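Subject: Handing over the structure

Hello,

Here is the structure I promised to pass on to you. Have a look at it first, and then read on for what turned up in it.

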Amino acid sequence: EAKETFAGKKFLITAGPTYENIDPVRFIGNHSSGKMGFDLAKEAAKRGAKVILISGPSSQKIDNKNITLHKITSAKEMFDEVFKYYDSADVAIMSAAVADYTPKVKATEKIKKNENELTIELVKNKDILRTMGEQKKNQFLVGFALETQNEEENAKVKLVKKNLDLIVLNSLRDEGAGFANETNKVKFFTPTEEQSFSLKSKEEVAKDILNFIEEKL
Ligand code: PMT
């Protein structure tokens with residue numbers, strides 16, 4: 001039995017991909033399964049936290065009455081849902097893979113196959129995490145960085161730009177890391193520290209992240 005080290009604490013955790021509709025049958029998405037975020041939610045709940053888990057489309061299941069699951073589809077919906085709970089959170093962990101861009105126009109009817117080329121215009125989504133950083137009061141704010149090159153440099157830029165207390169880097173260049181795997185390999189950066197971990201199950205990675213947060217609260 002885990003000690004209830006987070007009793008009385010409220011966690012806001014995001015998980016999974018977002019889907020950006022192109023028309024009623026098609027969307028732009030990504031490979032996130034939601035596992036990393038669900039494992040974080042489960043481990044925080046085990047340690048006594050009340051968890052609001054906001055997830056995009058995922059087949060992951062929750063297993064603890066301390067977790068309330070809010071399902072959303074698009075980045076816009078995730079943004080709106082997050083800011084209903086952010087003010088009252090003690091800890092926020094953004095492990096969702098949020099779409100950076102969304103189709104400018106969502107066609108109301110199925111797009112027909114006519115021309116040889118089809119152009120879909122995309123517009124930038126608001127950055128949820130960056131907005132959270134701007135509005136941060138006493139929350140301990142954790143972001144993820146999913147990179148394929150210049151990993152550490154990019155993660156450190158995100159840490160500062162988004163005003164985070166901790167960023168968890170995972171690189172798709174590391175075998176077994178990132179999405180769709182049962183495992184992950186991460187590195188932590190805070191404004192003053194860094195710490196590397198070996199490849200482990202996402203359950204174990206969730207424990208490492210929450211142990212680190214436990215020390216800082
Ligand atoms: O779900 P799994 O299959 O288990 O995979 C886990 C994971 C690989 C998705 C996860 O470990 C992970 O890395 N999540 C973040 C993926 C991502 O979108 O990273 P990013 O570097 O593009 O974004 C940086 C941070 O900004 C993230 O915390 C992201 O949630 C946040 N963000 C990004 C864009 C946006 N519009 N709003 C955001 O809040």
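Predicted model: local features only at pLDDT ≥ 70, side-chain atom pairs only at ≥ 80, totals over all residues.

Residues are numbered from 1 along each chain as its sequence is written, and side-chain values use heavy atoms, with hydrogens and water left out.

The ligand

Ser95 has a backbone N or O atom 2.9 Å from a nitrogen atom of the ligand. Ser32 places a polar side-chain atom 2.6 Å from a ligand oxygen atom, and a polar backbone atom of Lys35 is 3.4 Å from an oxygen atom of the ligand. On its own the ligand has 780 Å² of accessible area, and the protein covers 96% of that (areas by the Shrake-Rupley method with a 1.4 Å probe; for residues, only the protein chains shown count as cover). There are 28 residues around the ligand, counted when one of their heavy atoms lies within 4 Å of it. Those that come nearest are Ser32, Ser33, Met94, Lys158 and Asn170.

Helix α4

The protein chain has five helices and 14 strands; these are DSSP runs numbered from the N terminus, helices being H or I of at least four residues and strands E of at least two. Helix α4 covers residues 151-161, and its Glu151, Ala155 and Leu159 are buried (under 20% relative accessible area, with exposed over 50% and partly exposed in between; 1.4 Å probe, protein chains only). Viewed down the axis of α4, these buried residues fall within an arc of 70 degrees, so they line one face of the helix; the arc is that of the directions from the helix axis to the C-beta atoms. They pack against β9 (140-147), β10 (166-171) and β12 (186-189). Glu153, Val160 and Lys161, on the other side of α4, are exposed. Just after the helix, Asn163 takes a positive phi of about 55 degrees.

The whole chain

Of the 217 residues in the protein chain, 45% count as buried. The C-alpha atoms fill a box of roughly 60 × 35 × 35 Å along the principal axes.

Enjoy exploring!

Technical notes. Contact = heavy atoms within 4.5 Å. Polar contact = N/O pair within 3.5 Å; in protein donor to acceptor, adjacent residues only side chain to side chain.
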